[in-house]
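Here are some notes for a colleague who is opening this entry for the first time. Please read them with the model in view.

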Amino acid sequence: MLLLQRAAVSGLRNSRFDRLIVPKLHPHVCFTSDPSHLQSPKPHFSNGSTASGYWAVAGALLGVGAVLAYGNHREKAAEDSLPVYTKAEVKRHRSLETRVWVTLGHEVFDVTDFVAIHPGGPSKLLLAAGGPLEPFWALYAAHNQPHVRELLAEYKIGELSPDEERSSDQVCTDPYASDPPRHPALQINSQKPFNAEPPLELLGESYITPNPLFFTRNHLPVPTIDPATYHLQVEGPPGGQTLSLSLDDLRRFPKHQVTVTLQCAGNRRSEMAQVKSVKGLNWGAGAISTAQWGGARLRDVLIQAGHSPSGSEAHVCFEGLDSDPTGTAYGASIPLARAMDPEGDVLLAYEMNGQPLPPDHGFPLRVVVPGVVGARQVKWLGKVSISPEESPSHWQRRDYKGFCPSVDWDKVDFDSAPAIQELPVQSVITEPREGQTIEPGEVTVKGYAWSGGGRAIIRVDVSLDGGLTWQEAKLEGEAQAPRRAWAWRLWQLTAPVPTDWKELNIICKAVDDGYNVQPDTVAPIWNLRGVLTNSWHRVHVQVAP
């Protein structure tokens, strides 16, 4: 069987059809508030081929491969009785070594032998290993085709048993029991509170990040809020009155839409932790995402509350509706000047990618502050006020600050450092992945680049030899106005690989329009909280013989 598999795959490669079945997809997803109903339009192909042509070719080729290599699966699927498995049993089969199982509806499939010829590449299929296919097919609806379902049926090995009931005691006592469901592709850094990032190979596929794959940074349980009774409290100036605004009231303000990249201050903290231990979640390079946000300008709402657009130096304080057992809510603040800047685009957002905010991202209302660290963009917003001092919140005064590498927890003085607002220039390689083996001949390197404060990315440099030589990558995505470059640029470089090279030490570094450049190493920017990691991003790969 393995010989047949190799023969089938080899035949595809020799005929050069392997490039046809993996065209460049641009999954611009049509969003709904329910991830199970996500749909994708027909893919766009950079080589001018049509989506129907792609699926016809892919279906034909996969059908041939299945007939040649896996005919015995039909016999297995046709058996009168099949085993019944629990979700826990399915979850144990998540690698080639333990076999790769997936579910669709109530059916269980062993797709181990299909991994090598999956049109999107093995890594994409392995993201679903041990769990359901539905969340992935919702994002890439082209999978839901008759020939794909017929092919999948050949790998059926059993049925899924009913879910085990959660105990009523757990539901009643667990403050996180009402947290929403999440996409299984997310790589979880903590379950309670929930913090997770998308895999880089999915993050780099689309300029706009699909809502279910947008990185999640929660500090407390997700609150359950009834939009029908929700009101935002906006304090007026001294002697004035507090506004109480419903969602309908907020929608009466002129609607403003802006595409903004949000990045956690701890993005890439895992790299800083390799230098010396730090305190914080072990984020990889996926604590960053991009969405189109819609809502009312904060400036318009503050003026409506009676605040002057050119008032004295002050801070806008935000308080969320998420709270700990003591009733302490998450809070943060930004300078009033930024909130009142007509070109600052600060939003009270009620939409994310054309749909109501998902629960994990602040439903029904959140602050979006372009160019600023994610920690200031308070979700589940309950209150807005103006103060001569910044927010007294722990997360404003005693967290999210950077320090000299020599400062440790015995001598740190949080009052000595300003709260992080704008973030430094950043870039990351999303493909290929660390440790991957690539084919000889040429390599395509992809990634993202972004800089805080509205500074535009003007160049991304890529090295294949550890920084000895450099090549300039091609920037993709939307060009942006000076001082208002709120979103990242995706980038790509295809370059030849010398025939005698056995490995590549790939590096990327970005340059913004202030000619700020990433530092080459992590050690000089190490800090005890592990924030602001933006050194050159490095990926080591092997070249197949």
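1. Strand 26 (residues 503-512) and strand 27 (residues 537-543) pair in the antiparallel sense, over six bridges. Strands here are DSSP runs (E, at least two residues), as are helices (H or I, at least four), numbered from the N terminus; two strands pair if DSSP finds at least two bridges between them.

2. This is a predicted model, in which local features need pLDDT of at least 70 and side-chain atom pairs count only at pLDDT 80 or more, while totals for chains, interfaces and linings use all residues. Residues are numbered from 1 along each chain as its sequence is written, and side-chain values use heavy atoms, with hydrogens and water left out.

3. An open sheet of five strands runs in the order 20-27-26-22-23, with mixed pairing. Strand 20 (437-438) and strand 23 (471-472) are at its edges; each has a single partner strand, so one side of each lacks a neighbour in the sheet.

4. Three cavities of 30 Å³ or more are found in a search of the whole structure. A cavity is a set of points on a 1 Å grid over the protein atoms alone where a 1.4 Å probe fits but cannot get out, and lining residues have an atom within 4 Å of a point. A volume is the space filled by probe spheres set on the points, which are joined across faces, edges and corners.

5. The largest cavity has a volume of about 240 Å³. It is lined by 20 residues, of which Arg217, Arg366, Gly374, Gln377 and Lys379 are the closest to its centre.

6. What is the volume of the second largest cavity? It is about 70 Å³. Its lining includes Gln263, Cys264, Leu423 and Thr533. At least three lining residues come from each of domain 2 (193-398) and domain 3 (425-543), with bounds from an automatic or database domain assignment.

7. Gln377 lies in the loop between strand 17 (366-368) and strand 18 (381-387). Gln377 is buried, at 2% relative accessibility (buried means under 20% relative accessible area, exposed over 50%, partly exposed in between, with a 1.4 Å probe and protein chains only). Its C-alpha atom is 4.9 Å from that of Val367, ten residues apart along the chain.

8. Asp399 is in the loop between helix 14 (394-397) and strand 19 (426-431). Asp399 is buried as well, with a relative accessible area of 7%. Leaving aside residues up to four places away in sequence, Asp399 touches Arg376, His394, Phe414 and Arg529 (contact means heavy atoms within 4.5 Å).

Methods. On a 1 Å grid over the protein atoms alone, a cavity is a set of points where a 1.4 Å probe fits but cannot get out, and a pocket is an open set with protein on both sides within 12 Å along at least five of seven lines; lining residues have an atom within 4 Å of a point.
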